[in-house]
Amino acid sequence: MCRTCDSRLDRRTLLGAAGLAMAAGLSAAGKAFAAEGPGSGLTPDQALDKLKQGNRRYVADAQSCVMDMARRRNETAGGQAPWATLVSCADSRVPPELIFGGLTLGELFVVRNAGNTVDTTAMGTLEYGAAVLKSPLIVVLGHSGCGAVAAACDVVAKNATFPGAIGPMIEPIVPAALAARGRQGDFIDNTVRENVRRTVAKLTSAGPIIAEAVKAGAVKIVGARYDLATGAVDVFA
Ligand SMILES: [Zn+2]
């Protein structure tokens, strides 16, 4: 058994912890879906600690282990109870399961698109994760050197245009670029952080399901930035 598998023993212990009492409003929302499950049993803070520990493990000794993939496939085939939800960039260098220490099937509920933005489809996915799957944590994860954010900066600074659906895809990031323009420091990196902050704010104001879950303490939302060079995730919002 490798070091990653050893550490998973700790995660299994955590996954068996006492169940999380969900807010009445959120449970009512969840009952609208036939697939409502028991959830992972983790609190929002426990889930965030697990992600931070996983990222420290990845930075210190990056490896992935697939030894128990078949077992996990069998365990999760009948249902899922992911303990964290990610809104992450589609960038091929930012795979959430790997950068958080080699997570496996059934652990993370993930929305990915270029620029880690939240449209109606993403919002519905996040609401499903919170209300039905009872995932206690939502992480909006930007990253250094983001091409989608750089494109939004080019729209603002150079009046750049992009073909097809790429332009409309970048539009939600443009307000962050406008806000970050002129700030001290790197324009693109400042926009990465501003885009994350705005997405976090949007999640708590765009609809009642997540807002009520946050108010009840059943769900926590944080914003973070992944550094492509160091592998470290900085939770800053
Ligand atoms: Zn990106």
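Modeller: Let me begin with touching, or contact, which means heavy atoms within 4.5 Å. This is a predicted model, in which local features need pLDDT of at least 70 and side-chain atom pairs count only at pLDDT 80 or more, while totals for chains, interfaces and linings use all residues. Residues are numbered from 1 along each chain as its sequence is written, and side-chain values use heavy atoms, with hydrogens and water left out.

Colleague: Which residues does His143 touch, not counting residues up to four places away in sequence?

Modeller: With those sequence neighbours set aside, His143 touches Cys89, Asp91, Val94, Val192, Arg225, Tyr226 and Leu228. His143 itself is found in strand S3, residues 137–143, where helices (H or I, at least four residues) and strands (E, at least two) are DSSP runs, numbered from the N terminus.

Colleague: Why is His143 called buried?

Modeller: Buried means under 20% relative accessible area, exposed over 50%, and partly exposed in between, using a 1.4 Å probe and protein chains only. His143 has 1% relative accessibility, so it counts as buried. Asp91, in the loop between strand S1 (84–89) and H5, is at 14% and therefore counts as buried.

Colleague: What makes the pairing of Asp91 and Arg93 a polar contact?

Modeller: A polar contact is a pair of N or O atoms within 3.5 Å; within protein, one must be able to donate a hydrogen and the other to accept it, and residues adjacent in sequence count only if both atoms are side-chain atoms. The side chains of Asp91 and Arg93 are joined at 2.8 Å, and the side chains of Arg72 and Glu75 make such a contact at 2.9 Å. Asp91 also touches Arg112 and His143, again not counting residues up to four places away in sequence.

Colleague: Where does UniProt place the feature "binding site"?

Modeller: The unreviewed UniProt entry places it at Cys89, Asp91, His143 and Cys146. Although these positions are spread over 58 residues of sequence, they cluster in space, with a largest C-alpha distance of 9.0 Å. UniProt positions are given in the numbering used here, feature names are shortened, and annotations may be inferred rather than shown by experiment.

Colleague: How do you know whether Arg72 is buried or exposed?

Modeller: Arg72, which lies in helix H4 (residues 69–76), has a relative accessible area of 14% and is therefore buried.
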